[in-house]
Amino acid sequence: MTIDREKFLHQTESFPHSPGVYIMRDRTNTPIYVGKAIDLHSRVRSYFLDPHADRPHIPFMLQRLESIEWIATSNETEALILEANLIRSNKPRFNVELKDDKHFPYIKVTVNEPFPRLLIVRRVERDGAVYLGPYTDVRAMRKMVVFARRIFRIRDCKKKLPLKRPVRPCINYSMGRCSGACAGKISQEKYRQQVVMLIKFLSGHRKDLLQTMETDMNNASEQLKFEEAALIRDQIQLIRDASRMQRVDLRLPDTDSDVFGMHEDRGRICLAVLRFREGLLMSARHFIIKRETWDYSEENHDYIVLQFYLSSGKQLPSELIVPENAGFNPSTLQEWFETELQARVTVTMPQRGMKTQLVAMARKNAMLYLSQNAPADPLEDVEALQKALSLPRLPEVIEAFDISNLGQTYSVAGMVQFKGGRPNKSHYRKYKIKSVEGQNDFAAMNEVVGRRLRRLASEGKPLPDLLLIDGGKGQLSAAMEPLQGIPNAPMIASLAKKEELLFSPFAQGPVALPPTHPGRKLAQRIRDEVHRFTITYHRTIRGKVMRRSLLEGIPGIGKERAARLLKHFGSVQRLRAATPGEIAGVPGFSEKQGQRILEELSRNG
């Protein structure tokens with residue numbers, strides 16, 4: 001599709017020479033891109049005058065363009081705020097969206113309760129609690145929680161306090177990890193003081209906290225409360241120990257800083273945000289962005305910072321450190337913090353000194369995170385697998401098979417499909433093995449591969465490019481038999497579990513690839529996915545068989561009657577909780593039979 005440049009150039013002639021926001025829409029009137037400009041007229045016209053050879057996504061975007069509208073603002077800061085709000089509400093396809101692909105844990109302090117708890121959770125809710133995080137280094141976070149419980153003795157139980165009558169405290173009290181609020185060992189006022197100190201500790205504001213605690217320790221000592229003074233002394237030492245664990249080997253000032261860093265590799269950009277509080281590295285966040293939606297030199301990307309702080313709900317730093325040549329405008333951002341959040345945040349773009357080391361550290365974090373995640377284009381892994389196995393053509397569609405046994409009596413199989421290196425879950429399939437008696441993985445693999453190929457042929461659907469079998473030479477040979485006589489049969493390979501060797505008739509002998517090889521990593525991802533899928537199906541079937549067998553073991557209950565009970569109650573647990581009268585409500589059952597069923601279930605545990 002060609003771009004009608006003359007049409008849009010004529011339309012943009014009337015655009016004002018003022019700051020503002022422009023919205024590009026497609027034929028369905030859906031926003032596909034939102035941008036801000038100091039000069040709307042010049043910025044929008046540049047899309048149709050410049051060749052954009054180094055930014056291939058722009059012609060791709062313009063091919064879908066149907067109309068452009070603009071909104072003028074008084075200044076660049078207003079345009080930035082409007083741009084960020086429009087992107088958040090519309091989520092245009094060609095704009096960057098900061099989005100994690102994981103639910104990292106948070107530390108939750110339930111300050112909305114009389115005696116707050118210290119919990120680790122995966123989601124933030126609007127329940128009045130204080131959330132800190134998210135924490136990408138889960139091990140370090142758990143160490144910090146252990147320190148926090150030892151220092152402040154905050155409970156993590158589910159009791160609704162205060163209780164009408166004190167109870168015997170649990171083992172955490174004896175271990176010094178809980179203050180025993182359930183047993184009346186601490187007043188609500190004193191407990192709340194500990195919670196306030198806990199939040200300061202977790203937020204990284206420990207300098208004031210230590211000064212306050214040292215004053216309390218000295219006061220307790222002067223009043224001859226030596227036991228209380230010793231407790232506070234131990235708390236101070238634990239806080240210092242925890243701080244040493246988090247301190248970075250740089251001469252950092254005791255200021256609160258957030259540091260942004262970026263790294264680009266093979267069409268992807270990773271944004272890393274390091275959060276320092278009083279010189280302590282508290283947490284790190286990583287966001288992977290497609291290269292096509294970010295251009296360092298051409299665009300202003302201040303709205304990325306707005307997205308981060310508006311969506312994360314974090315405590316604002318006193319200083320924000322951003323890298324050069326990344327589309328950030330420090331003065332505009334600083335004005336936004338002041339006008340919209342009523343916060344004085346200094347935004348700096350260092351060129352030398354210690355702060356450049358912090359930006360370099362953030363960039364290194366981004367680089368490492370990018371290298372540890374799947375590549376931007378999974379087809380690169382597919383091409384690597386093709387080359388490693390000497391396959392005659394690119395295996396764009398790969399189907400993998402796995403067998404799972406339920407003892408000697410029941411076998412199931414699973415099949416997953418990967419297209420272009422990505423899971424294609426709508427084409428996953430489950431199989432009950434029909435023609436094989438006992439535990440025979442080779443025969444079961446032969447059956448399920450043959451059934452899959454015959455089904456595709458009968459429906460006139462295309463065959464996959466490659467079959468990937470979980471196992472070694474034996475499983476591979478069993479799966480190759482159904483391919484005989486099939487025109488343009490799929491290619492085939494297998495991955496052995498222990499040695500992680502790849503086998504294929506197209507390769508000369510077993511193929512041993514290094515652990516970091518993209519082809520091996522793709523084969524392992526597919527193998528692990530089909531194993532997970534098959535095991536899940538196996539467990540479902542096993543649960544059904546065991547529940548039905550338990551009922552069929554009751555005198556007078558056969559396969560059909562057992563199935564009727566399970567269908568009515570949904571599970572054996574619900575059946576066990578029913579009354580004889582409720583069981584009599586199932587067609588074909590009486591109260592007397594219901595009583596006998598409950599007795600048998602009780603006898604069998």
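Asp 402 counts as buried, at 3% relative accessibility. Buried here means under 20% relative accessible area, exposed means over 50%, and partly exposed is in between (1.4 Å probe, protein chains only). The model is predicted: local features need pLDDT of at least 70, side-chain atom pairs count only at pLDDT 80 or more, and totals for chains, interfaces and linings use all residues. Residues are numbered from 1 along each chain as its sequence is written, and side-chain values use heavy atoms, with hydrogens and water left out.

Asp 402 sits in strand S12 (residues 397–406). Helices (H or I, at least four residues) and strands (E, at least two) are DSSP runs, numbered from the N terminus. The Asp 402 side chain makes a polar contact with the side chain of His 531, at 3.0 Å. A polar contact is a pair of N or O atoms within 3.5 Å; within protein, one must be able to donate a hydrogen and the other to accept it, and residues adjacent in sequence count only if both atoms are side-chain atoms. Beyond four places in sequence, the contacts of Asp 402 include Val 412, Met 445, Asp 470 and Thr 534. Contact means heavy atoms within 4.5 Å.

Asp 302 is another buried aspartate. It lies in helix H10 (residues 302–312). Asp 302 has no salt bridge; the nearest side chain of opposite charge, Lys 36, is 4.6 Å away. A salt bridge needs a side-chain nitrogen of Lys or Arg within 4 Å of a carboxyl oxygen of Asp or Glu. For charge, Lys and Arg count as positive and Asp and Glu as negative, while His and the chain ends are not counted. A polar atom of the Asp 302 side chain lies 2.8 Å from the backbone nitrogen of Asn 329. Asp 302 also touches Leu 80, Thr 332 and Leu 333, among others.

Helix H4 (residues 76–90) and helix H11 (residues 330–340) pack at about 75°, with axes 9 Å apart. Axes are lines fitted to C-alpha atoms, for helices over the stretch in contact, and angles run from 0 to 180 degrees between N-to-C directions. H4 and H11 are therefore roughly perpendicular. That term covers 65 to 115 degrees; under 35 is roughly parallel, over 145 roughly antiparallel, and the rest oblique.

Helix H2 (residues 40–49) is largely enclosed by the rest of the structure, because eight of its 10 residues are buried. Among them are His 41, Arg 43, Arg 45, Tyr 47 and Phe 48. Asp 39 caps the N-terminal end of H2, with a side-chain oxygen 3.1 Å from the backbone nitrogen of His 41.

Tyr 47 and Phe 48 both contact Leu 62, as do Ile 3 and Met 24. Leu 62 lies in helix H3 (residues 57–62). It is buried, with a relative accessible area of 2%.

| Residue | Phi | Loop |
|---|---|---|
| Asn 29 | about 70° | between strand S1 (20–25) and strand S2 (31–37) |
| Ser 390 | about 55° | between helix H13 (379–389) and S12 |

Ser 390 is partly exposed, with a relative accessible area of 46%. A cis peptide bond joins Leu 161 and Pro 162, with omega about 0°. Pro 162 is in the loop between helix H5 (138–152) and helix H6 (171–174).
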